[in-house]
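These are my notebook entries on a structure I went through element by element.

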Amino acid sequence: PPSPARRERVGSGGEVGRRVGCLLAFTAPAVAGAALYGWYNWVRFGDPLNPGYPPVTFTNPVLAGLHLQLLSLERGLIWYDPLVVLAPVGAILLWRRRPGLVLLVGALFVGFLLLYATYAQAPAGGHSAGQRFLLVVMPLLVLVALPALAARGSPLPSRERSKQRGRGGGGEEGDAVGDAAADLRSAGGAPTPLARPWQRAAVAAIIAASVLVQLPLVYVNPSYYYARLGAEQEATGREAPVASAGDALLVRAWLLAGEVTRDTLSRPE
């Protein structure tokens, strides 16, 4: 029979092969998609790297772009998608169990954020509500925020977790069942940050705010808002389309929803 050292080497080799296979399965579709997209650009525009847009530059000041994307009433992510404020809490809960996932999502978010913060032509994404360019990473932020949304109560003490493992059957299968049950109640054995009623109420308020913000933004076409804003800018002669916080789509969305509804109801059949 093979020696323990040989079995260990074979086992580690199998694990490396499994990881390489997972990496290839993850990257192969992306590489194939990029190749197809490059071929389309080459056939359509004569250059694999030319998507058909006018030349763009990335010279916008970084701090100004970050403020526009994260904090401003005009486009700020925390105002148009309040649920993302739970992502750091969820990342803390998830870190001890899935640090790789937290690092991957964080790197993708920061990369997209910095890239489009410097995009000079349209750092906010044109005629859209909120941050159009960050939509691609929003599902990942919500994924990281899920532990914060699911956390409730306090974790089981270590002794109680041991009892659950014992009731699971005693072997490796019992340990897995006990560990899964413990994970539902804690993040790596630390008390959950949402154990108190006021903390759960704060999470509920954030979720409600996210829904209330999105309702008029779904109902009102952003192009209608920007057309109205452009007409007001031309009539008043001001330089900036959004001259004050009251001009922001987030503030005027409900008023515009009322105008659209009134115009629709008053229109003759």
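The entries below go from the whole chain to single elements and residues.

**Conventions.** I worked from a predicted model, in which local features need pLDDT of at least 70 and side-chain atom pairs count only at pLDDT 80 or more, while totals for chains, interfaces and linings use all residues. Residues are numbered from 1 along each chain as its sequence is written, and side-chain values use heavy atoms, with hydrogens and water left out.

**Whole chain.** I looked up the secondary structure and found eleven helices and zero strands; here helices (H or I, at least four residues) and strands (E, at least two) are DSSP runs, numbered from the N terminus. I noted that 28% of the 269 residues count as buried, where buried means under 20% relative accessible area, exposed over 50% and partly exposed in between, with a 1.4 Å probe and protein chains only.

**Largest nonpolar core.** I then turned to the nonpolar cores, each a set of buried Ala, Val, Leu, Ile, Met, Phe, Trp, Tyr and Cys residues joined through side-chain atoms within 4.5 Å. The largest has 13 residues, and those touching the most other members are L77, V84, F109, L134, M138 and L141. Helices α4 (87-95), α5 (99-117) and α6 each supply at least two residues of this core, and α5 gives the largest share, with four. Leaving out residues up to four places away in sequence, I listed V84, A87, V105 and F109 as touched by L141. Apart from this core lies another, of twelve residues, which includes L217, L229, L250 and L256.

**V110.** I also checked V110, which has its place in helix α5; V110 counts as partly exposed because its relative accessibility is 41%. Its C-alpha atom is separated by 9.8 Å from that of V137, 27 residues apart along the chain.

In α2 I found G65, L68 and Q69 buried. These residues cover an arc of only 90 degrees around the axis, so they sit on the same side of α2; the arc is that of the directions from the helix axis to the C-beta atoms. Their cover includes α3 and α5.

S72 lies in the loop between α2 (62-70) and α3, and S72 counts as buried because its relative accessibility is 9%. A polar atom of the S72 side chain lies 2.8 Å from the backbone oxygen of L68, and I found one 3.2 Å from the backbone nitrogen of R75. Beyond its neighbours within four places in sequence, S72 is in contact with H67 and W79.

**Helix α9.** My last entry is on α9 (residues 197-219), whose 23 residues reach 34 Å from first C-alpha to last, close to the 33 Å expected at 1.5 Å a residue; the expected span is 1.5 Å times one less than the number of residues. I recorded Q199, V203, S210, V213, P216 and L217 as its buried residues, and what covers them includes α3 (77-80), α6 (138-150) and α11 (249-266).

Terms used: Contact means heavy atoms within 4.5 Å. A polar contact is a pair of N or O atoms within 3.5 Å; within protein, one must be able to donate a hydrogen and the other to accept it, and residues adjacent in sequence count only if both atoms are side-chain atoms.
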